[in-house]
Amino acid sequence: MNLDHRPQYHFLPVANWMNDPNGLIQWKGIYHLFYQHNPVGACFGAMHWGHASSHDLVHWRHLPIALAPTPDGADCDGAWSGCAVDANGVPTLIYTGVHPQVQCLATSDDDLIVWQKDPANPVIAEPPTGLAVTGFRDPCVWRDDGLWYMILGSGQQGVGGLILLYRSSDLHDWEYLGPLLEGRLDETGHNWECPNLLPIGDRHLLIFSPEPLRQAHYYIGELDGHRFRPKAHGLLDYGGLYYAPQAFTDQGGRRICFGWLPEGRSSEAMAQAGWAGVQSLPRLLSLSSKGALEQRPIPELEALRRSHQTLEAHALANCEGTVVAGRMLEIDVEMNVGSATSLGLQVLRASDGSEHTTLLFKPAEGRLYLDTRFASQDPGAEGRLTSAPLDVMDGLLRMRVYVDHSVVEVFANERVCLTGRSYPTRADATGVALLSDGGSAVLSRFDCWTLATIWSPN
Ligand code: DQQ
């Protein structure tokens with residue numbers, strides 16, 4: 001067994017550990033992605049900000065580390081998550097220093113490569129008085145009507161998650177305005193990490209990652225003064241391995257989101273591989289005419305398409321495998337559900353079926369399942385069965401499935417996403433099979449492309 005599970009068209013550093021996306025910004029046309037990074041091991045450690053830039057959000061250039069902990073500084077134990085803003089022409093990072101958790105600033109000249117920490121750090125040294133908080137971190141900052149606003153992820157001991165709202169005229173002096181939103185311990189955990197708030201359509205989108213749930217939640221709702229009024233709730237990804245996402249608005253006004261895809265394997269396997277953690281594909285966020293959140297892969301990803309295969313429309317038999325094969329694929333499939341009791345496909349499937357990752361829609365339940373329990377015969381690989389609620393419009397199941405070695409990232413009906421990690425051991429675990437059971441289902445469209453690596457010139 002000597003297979004490389006390292007993704008080739010999802011972003012990850014050259015080596016070692018990566019977690020949350022940070023500081024997403026488009027600066028003078030160039031996209032910048034910063035990320036939580038331990039440069040000395042494939043395990044969580046003293047956090048640095050890794051850095052990469054891109055012209056198209058697809059092909060990336062690795063850049064020097066942007067932030068490292070300063071001994072005796074406010075971030076001596078780590079530069080934790082945060083954001084980037086354009087402060088009147090000065091690129092500025094706002095992030096959490098530990099320990100204790102405090103908020104810090106760093107600025108750069110125009111190239112965003114070299115960063116100076118603000119001598120005034122920390123600019124917020126402690127949580128609001130009177131609150132027994134479970135966390136105090138991950139600033140998300142925006143400008144409105146000439147003033148800066150910041151939200152921080154937090155929680156109240158014994159009560160639930162909490163988002164704290166601040167205001168400033170200069171990014172240095174911050175006034176606490178009160179809680180933007182409070183959660184309930186029994187519903188959304190004790191501490192909310194990495195809050196993000198941004199306008200979308202005629203509403204606002206609030207994203208947060210609650211501990212201990214390890215899921216990325218969102219609300220669509222309204223800003224009412226200094227309070228957020230949630231209307232609709234969901235998960236940005238239902239696969240259980242997508243966390244701490246960050247969304248930003250690019251210079252074209254698009255809302256784009258990246259999330260951290262943790263490994264689904266043992267720490268020994270991570271150490272042996274020498275790397276851990278991947279960024280999701282960049283996802284385009286929008287609101288449907290009914291006000292529901294939509295997610296699509298950004299169109300720039302089409303530049304990675306190479307050889308193309310299609311299948312004729314036909315009635316689906318029970319299991320049709322192997323229709324195509326590969327470990328770097330984009331599959332765009334549309335199935336007419338008909339009277340089938342379940343339908344979907346398998347990827348990374350060994351010829352004898354001994355390893356496979358399965359996507360199965362069950363119309364009676366209105367749920368799409370992602371099953372990685374049989375993805376690998378390696379006992380160190382964790383398998384999961386997860387599912388997302390899915391309404392199929394007009395009886396059509398449409399999935400865009402991205403297979404990238406150990407990543408399987410799925411967009412269904414432009415509404416829900418499921419991402420899993422699969423670590424097959426068999427060299428022939430590359431097949432794609434079509435599945436249907438219990439009635440008639442029709443394959444109405446099937447397009448598959450092999451995809452190129454993002455690390456060579458296209
Ligand atoms: N990761 C960061 C924290 C954040 C957490 C530390 C979420 O700032 O709360 O690496 O994954």
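Figure 1. Phe44 counts as partly exposed at 46% relative accessibility, where buried means under 20% relative accessible area, exposed over 50% and partly exposed in between (1.4 Å probe, protein chains only). The model is predicted: local features need pLDDT of at least 70 and side-chain atom pairs count only at pLDDT 80 or more, while totals for chains, interfaces and linings use all residues. Residues are numbered from 1 along each chain as its sequence is written, and side-chain values use heavy atoms, with hydrogens and water left out. Trp17, with a relative accessible area of 11%, is buried. The structure holds 18 aromatic pairs; rings of Phe, Tyr and Trp (its six-membered ring) pair if their centres lie within 6.5 Å, and planes under 30 degrees apart count as stacked, over 60 as edge-to-face and the rest as tilted. One of these pairs is formed by Trp17 and Phe44, edge-to-face at 6.2 Å centre to centre with 85° between the planes. Trp17 belongs to strand S1 and Phe44 to the loop between strand S2 (30-38) and strand S3 (48-54), so the pair ties together parts that are 27 residues apart in sequence. Strands (E, at least two residues) and helices (H or I, at least four) are DSSP runs, numbered from the N terminus.

Figure 2. Because their planes stand at 80° and their ring centres 5.8 Å apart, Phe34 and Trp115 form an edge-to-face pair. Phe34 lies in strand S2 and Trp115 in strand S8 (residues 115-117), so that distant parts of the chain, 81 residues apart, are linked by the pair. Phe34 and Trp115 are both buried. A cluster connected by ring pairs contains Phe11, Tyr35, Trp60, Phe258 and Trp455.

Figure 3. The ligand has 13 residues around it, of which Asp20, Gln36, Arg137, Asp138 and Glu193 come nearest; a residue is near a molecule if one of its heavy atoms lies within 4 Å of it. At least two residues of the shell come from each of strand S1 (16-27), strand S5 (78-87), strand S9 (133-144) and strand S17 (243-249). The shell comprises six nonpolar, three polar and four charged residues. Here Ala, Val, Leu, Ile, Met, Phe, Trp, Tyr, Cys and Pro count as nonpolar, Asp, Glu, Lys and Arg as charged, and the others, Gly among them, as polar. A polar side-chain atom of Gln36 is 2.7 Å from an oxygen atom of the ligand. An N or O atom in the side chain of Arg137 also lies 2.7 Å from a ligand oxygen atom, and a backbone N or O atom of Ser81 lies 3.2 Å from an oxygen atom of the ligand. The protein buries 96% of the 310 Å² that the ligand exposes when taken alone, with accessible areas from the Shrake-Rupley method and a 1.4 Å probe.

**Figure 4. Gln101 and its contacts.** Gln101 sits in the loop between strand S6 (90-98) and strand S7 (102-108) and, at 17% relative accessibility, counts as buried. The side chains of Gln101 and Arg137 are joined by a polar contact of 3.2 Å. A polar contact is a pair of N or O atoms within 3.5 Å; within protein, one must be able to donate a hydrogen and the other to accept it, and residues adjacent in sequence count only if both atoms are side-chain atoms. A polar side-chain atom of Gln101 also lies 2.8 Å from the backbone nitrogen of Phe136.
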